[in-house]
Amino acid sequence: MNGHKLKGWAFGLALLPGMALGQTVLSRDPGLGAGSLGGPGTFEWSDEAALAPAATPLGNDILGDRTPEAAELQAAAPDVDVTLPGRDTGGPADDAATVLADSMVLQGDQTLIAAGGVVVWYQGARLVASRIVVDGVSGNLTIEGPIHLSRPGAADPEAEAVLIADSGQLDRELQDGIIRGARLVLARELQLAATELTRTGNGRMTNLRHVVASSCQICAGDPTPLWEIRARNITHDAETRLITFDHPQFRAFGIPLAAAPFALTAPDPTVERRTGFLRPEYRTTSNLGFGIKLPYFITLGDHADLTVTPYVAASRTRTLELRYRRAWANAVTEWNGAITRDDIEPGETRGYVFGNALVDLPRGYRLGVQVQAASDRGYLLDYDITEADRLWSGFTLDRITRERLFFGRVGNYHSLRDDEDNSTSPAQVADVIWQRRFTPRHIGGQALLEWSVHAHRRPSDQDQVGRDMARASVGLDWQRSEILPAGVVGAALASIDTDIYRIVQDSRYDNLVARATPTAGVELRWPLIGGAGGATHMVEPVAQILYSPPDSDDDIPNEDSPLIEFDEGNLFSENRFPGWDARESGLRANLGVTWTRIDPTGWSLALTGGRVLRAEPDEAFPEGSALSGTRSDWLVSAQYDSGTGLAIANRALFDDNLDMSRNELRLGWLREDLQLSAGHLWQDDDNQDEAELSDISELAANIGWQIREGWWGSAETRYDFVADRAQRASLDLTYRNECLTVEMGVSRRFTSSDSVRPETSVGLSFRLGGFGTSQEDLPGTVARRSCMR
């Protein structure tokens, strides 16, 4: 996103298509907050050895109900005072210049003639020429080219403005004068070629006559660039870093496409924030038709900005989008919103507002504020805002130190799903969690003390479906490890968790319920390492025995742990329920082994297998689930890393008869010309309880590949094999060369409901290089023109 100042009529935007006329780097567009779902994530692969995981680290999860936290807002450092380019650096007027040349002659009238590889350094300016004549009286220079002059005061002369010319005359400070056959190169990107260049104002103003501007490579054999802007005069202000085009004409392949009978102003490539129009966005959807967005970026000082975006579409859509951002020394905030009148919902006013703020408080506390509201879920999808279907608004307060954690939140949930009734779903939710990690004085090891309070309320006053709950809990965990003979690592584990519940508006449960769940256990690990043929082999068998008094928990409704995962991360865990309402109990043994091979050529392979054995079935686990009965399903996982960008992981659950209940395959391949991330999840519901998920067979994949030089393609799909239909699919193409970026794409959303309709969307945007900041760092190569001699 770029911002700039535009002088003249707004009609001038159409005359210079794709020129970004606004600039902003206040933040990197943080997410929209809790519940916001962005695009597919990049495939990541851990560099850690795939050994059997230890017991779940104490206090690793703040909330057990998998509620997403507020998005992390970021802000760039504010602008700082800088020495304006083109200004004197403050040295005395009689500072001597340094001259390097093959030959120098001093004539009787004190005229100096330097010839052959002349280089002059003076107060930050560097001049390279073939011959210079310095007048002994005035000190003015007559220069013969080729001339190469970097502007005075430039922090990085090679990356900022450079003047190249055939000949010229300059004053003794190398700032003001007349240059002939000149080319001004800004940030090594935008070139302005003129028959004559004049510098005035102590080097501040550079005026070029009969100018051609372009950031494209120009060859002597084919001097016509891909695009160019011709103008009577172009003025570059080194202080404001603005370029003014007088009566510009835009050409592509030498053919005039647009012209403006007035002056247009745009920032040079060094500008980061400037009030003005941003790059227009063109979007066509099956629901809205063809539309255009024309964002206008407004800087409100160094620490705030406002973006106003009118959106007009063929379906009589009239939308105004707003985004406000501000950063303080100890806080940052961002607010996004829109208001719409369209013919999707005739006569209705639709819109949304998402706001987020983070404030650093004394003593390391941090306050978060979040607001999320929308007229309907279809609006968020129709206008490509987010795929979130549950919105959360509220406050959070947290403080994390080396030994202590405090987290609190209070807020309201609002569901946009057609199959969820907000009156019977937990709406108002509050949580407070405090944890302290310490080392007991007499018994050693590591301990964690935790207390927490939770409450939620349903708006409905009906019995059972309007159930409200509050819980207060205190827990103490302790573990200590020791190295035993033969390298065996032994650990003692103990914990106690106490809860008291208040349950109202549900006649099936008592109003007050209390419970205490102690747990004790031991763990043995035997890490072994060896080698053969240069490869390293690691084997680690693990046995963990735990006991908790049996407890059915029938007197407490399970609100936060209806779904249980069974994977490598919790194979050696005391409690596999993600929340507080349900707890694992009874005598049980967690058994497993891992084998890892690390090859000297760089690739590695790891296999992990294990299961859970119980003396008696735990009623907390649904009948037929992977953890039910006296023997759990077998858990087997494999991980392969080629060391060159290819990574494969597979996890499977199956019983003693080899009947598989779940399988998950993930694939990632990262190369310079290929980026692939894919995953397939399969789950059989034949042995699942009604509370569990039904049959699942779903493929999710995204891929990016280098089609040819300058061309990068990307595709994404999510396909449901059970429903035999795609949920979404997209295809995008990007072309980049040294002076132009073109992005085009088509996407299709197949999901539908009472409030959401399937939609096909087509987008197109392009950007001319050389205006605003440099082009984005995108994947793939950049096509560059080669000049053949």
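Predicted model: local features only at pLDDT ≥ 70, side-chain atom pairs only at ≥ 80, totals over all residues.
## Overall build

The chain is 789 residues long, and buried residues make up 43% of them. Strands number 45, against 1 helix.

Contacts between residues at least 6 apart in sequence were examined for their span. Of these, 51% join residues at least 24 apart. The accessible surface of the chain is about 38600 Å². Carbon and sulfur atoms account for 55% of that surface.

Side chains of opposite charge can pair when their charged atoms come close. In this chain the count comes to 42 salt bridges.

One of them pairs arginine 417 with aspartate 389, at 2.9 Å from N to O. The partners sit 28 residues apart. Arginine 417 is in the loop between strand S27 (404-415) and strand S28 (428-438). Aspartate 389 is in the loop between helix H1 (377-382) and strand S26 (390-400). Arginine 417 is partly exposed, because its relative accessibility is 31%. Aspartate 389 has a relative accessible area of 16%, so it counts as buried.

## Buried pairs

Aspartate 499 and arginine 515 also meet through their side chains, again in a salt bridge, with N to O at 2.9 Å. This pair links strand S31, which holds aspartate 499, to strand S32, which holds arginine 515. The two residues are 16 apart. Aspartate 499 is buried at 4% relative accessibility. Arginine 515 is buried too, with a relative accessible area of 9%.

A further salt bridge joins arginine 614 and glutamate 584, whose closest N and O atoms are 2.5 Å apart. Arginine 614 belongs to strand S36 (residues 604-614), while glutamate 584 lies in the loop between strand S34 (535-548) and strand S35 (586-598), so the pair ties together parts that are 30 residues apart in sequence. Arginine 614 is buried, with a relative accessible area of 8%. For glutamate 584, also buried, the value is 2%.

Aspartate 510 sits in the loop between strand S31 (489-504) and strand S32 (512-525). Aspartate 510 counts as exposed because its relative accessibility is 54%, and the cut-off for exposed is over 50%.

How values were computed. Residues numbered from 1 in each chain as written. Heavy atoms only, no water. Helix = DSSP H or I, 4+ residues; strand = E, 2+ residues; numbered from the N terminus. Buried < 20%, exposed > 50% of the residue type's maximum accessible area, 1.4 Å probe, protein only. Contact = heavy atoms within 4.5 Å. Areas by Shrake-Rupley, 256 points an atom, 1.4 Å probe, with all protein chains shown as cover. Salt bridge = Lys/Arg side-chain N within 4 Å of Asp/Glu carboxyl O.
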